[in-house]
Amino acid sequence: MPRFRCPRCRGNLNVDRIYDGRYLFSCPKCGFMAPARSDRPEDAYLELLERYEEGGLESFDFEGLVRSKEEVDEMIGKFGLKRSDLPESLRRILYSDKDYLVTYKLMEMEEPELGPRVEELGLSEPLTYALKGRGIERLYEFQAEAIRLILEGKDVVIAAPTGSGKTEAFTIPILERLVRGMELVGFRTRRGKVRSLFVYPTKALARDQLLKLRALAYPLGVRIDVFDGDTPKAKRERMLEDPPDILLTNFDIIHYHLMRRSPYSTLFKGIEYLVVDEAHVYTGTFGSNVHFILKRLSRFSDFQVVASSATIKNPKEFCSSLFGREVEVVEGGRGRHGTTHFAMLFPTLRGHRSLVLEALKYLIGEGRKVLIFSNSHLGAELTAFYARRLGLRVEVHRAGILPKKREELEAKFRSGEIKALSSTPTLELGIDIGGVDAVISDLVNVSRLIQRTGRVGRRGEESVALVALRNDDPISQYYKDNPDDYFRDFEVGYIDPRNPVILEHQLVAMALDSPLKLDEVKEYEEAVERLESEGYLKERAGRLYPDYRACRSKLRGYDIRGCGEQVSIYLEGRKLGFRTLPQALEELHPDAIYFLGGRRYRSVSWEYSKGFGRVEVERVPDSYPYYTRALREERPTVRSIIERKKAFGIDVAYCELDIEKSVIGYVNYRIGEEKPVEEHYLDSPVSYEFSTKGLVLMVPHPEGLSEEEEMGSFHATEHVLIEGTNLVTGGVSKDMGGITMGNTGLIIIYDGSVGGNGASRALYDRLEAAIERARKMLKGCPCSSESGCPRCTYSYRCGNNNRYLNKLGAIRVLDLIVKGVETSLEGFEGLLGVGRPIA
């Protein structure tokens, strides 16, 4: 690239291409900086000189690139603040000359609305005394409402942010019921069974809550204990002999022991109360399994359900579906936190990772303990990888890392030995990791952001919460231009109880728990017949009995958190971690570069056969310049149509699908540049076929386009529909994949999990709104490229490296849809593999 002279001081200018396609010229000598647009840097420089000569810096358009210091002053001034009032680290972040401050909010320390005093609740004297002994003199209004409904015997869901007091809201009435039912003998009680199960999504969270719950229960003579995979055998035996009143556990343990009819399964039978904490976690595949585990529990006792959840868009609808019964919803206010400075930033003159790393450096430098949340395993790994290159000690906390290692990291962060953790959503839950002074988060829906920022300032200290948008992401671009919409787009909870893979496995497990009565499974007649024909179930005297050997074999290795098979990762014979199919195929194919714990490994072998997967990896030198993303092909087959409708005028079907996914090669990305460098193709592609659910839609054909332009238009429409889904469903796009069938106009958007997870159903139900948002996103992107850009049509999940995209064609497709142009799926049965006509 030729040298360009600064028009102010004649020094050498640096030249960078910024997010909107313009060139940015900056002078390290005098600080001159100005943007100019053209196809070539030489032409952009000539434009810069002409404009500078005409009117100096005032003639350049900086709007939307960087806020002036006066603009930032005005934004913080709305909250009565001056620059000097901000923490030094935050001041340097907000007044950066490389990012656009989208929004700033000062969230003052506040308490939820106060309710009655403890003695006004009508609780028993021992419990009232115990609460006062813990310093609880008065409850919040939402807590009092929840306690009243629970004591009335209602099934209740408490929806409120982290740190708002949900635990007290569901624990107090359960303790009251237990105390009332006890026959006291001195300070001891007669026991014979567990009366209440408290179920948590992770072992760590259950153990974290144990001490807090015991402090409330101990003065009442109510015993609480934990039963999980780490509970020693001797302690388990003691529980059988003398069960605690309240047992803390998880759904994995319940599933395991019920279907094996182990002696410990008796601990879960005969309960009166079931408390499910963090219910919003049970979406998708995990939630669909939990739906059936709850049905299995209800075969042994009639219990009341109490749950807590983060703030989501549809708590009543979601929890009623999850629990299989109608629930009452109590909504709480903001959690109890110290003053929090919240800012959303868009990196205009640099990349997303540069923004995150600089903010991290400032926050750690000020002595703060920081959580960095990424939305993917790779994102969390890359943040830690680059941070270490800057001399910052950052460790990775995510699923796929062995549990003991994660617990070790939590302890080190709690003690202050580690100042920063780069995490996936594993740390969104309420595990006590000590004081957290700052959170930096990738863009997530506002529901999950509230969970993440709820980790800071819980001890009343001043804290910082940042959302780092991406300049290569259409959703980030949309919220940069429409920040108010962000705070309205709450997450939608979703499950799919009709997932055929989950249904069959859970019916088999249910039969192993106890033979099935025919009337128990009337609604699953088709699945039962299939299991009978395959020899798993056999009818005798009005009941369905399992073939124990066949059923146990079917359930061997079945994971209720992700019903795909697992692929284990080994280094020199030692297990490092695991991934679930089909995701493992894309991340661990031969020659893939895989990040684990901030270090890179190369996959040197891939083995998969009949549900078993194993990958051997080798270490990659720190100097190796690349990481990889898979190139893939996908072939769909429609097995059956579940539901069909018109969206505007287009024909849409929600279907059962088979997807054959093949990795045919990979793209090298250079470390530090985040751009594709070169493609490589595998000698022997690796494949995986799975059943799932999704929607098939026929979009209209714009006139006057060539076949190649049509294909690019439909491909771009597929991308933007999937990404645009996040805006109306609260973040389900990560759980979906897409296929464009050439230039036919057929687009398939499917659940990325085996059997389906409900994500595509959420899109199907809200498709009209997703189309409107997708159209607005495309039209709002300023890029002039024919294919679009990373902020509108590109997708990092694209299996063919974002080739064959046509932005203007996609806009025309979406315009035609909104105008109500009619389409039909009829006549495309052969292409979709449908066995009978679509009509």
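Buried means under 20% relative accessible area, exposed over 50%, and partly exposed in between, with a 1.4 Å probe and protein chains only. By that cut-off, 59% of the 839 residues of the protein are buried.

A word on the source. This is a predicted model, where local features need pLDDT of at least 70, side-chain atom pairs count only at pLDDT 80 or more, and totals for chains, interfaces and linings use all residues. Residues are numbered from 1 along each chain as its sequence is written, and side-chain values use heavy atoms, leaving out hydrogens and water.

Now the overall picture. Contact means heavy atoms within 4.5 Å. Take the contacts with a separation of 6 or more: 71% of them join residues 24 or more positions apart. The protein exposes about 33900 Å², and carbon and sulfur atoms supply 47% of that. Those areas are Shrake-Rupley values with a 1.4 Å probe; for residues, only the protein chains shown count as cover.

Next, two residues. Glu 328 sits in strand E15, residues 328-331. Its relative accessible area is 34%, so Glu 328 is partly exposed.

Then His 257, in helix H9, residues 251-260. Is His 257 buried or exposed? Buried, because its relative accessibility is 4%. What is His 257 in contact with, leaving aside neighbours within four places in sequence? Phe 227, Arg 236, Ser 262, Tyr 264, Ser 265 and Phe 268.

Conventions
Helices (H or I, at least four residues) and strands (E, at least two) are DSSP runs, numbered from the N terminus.
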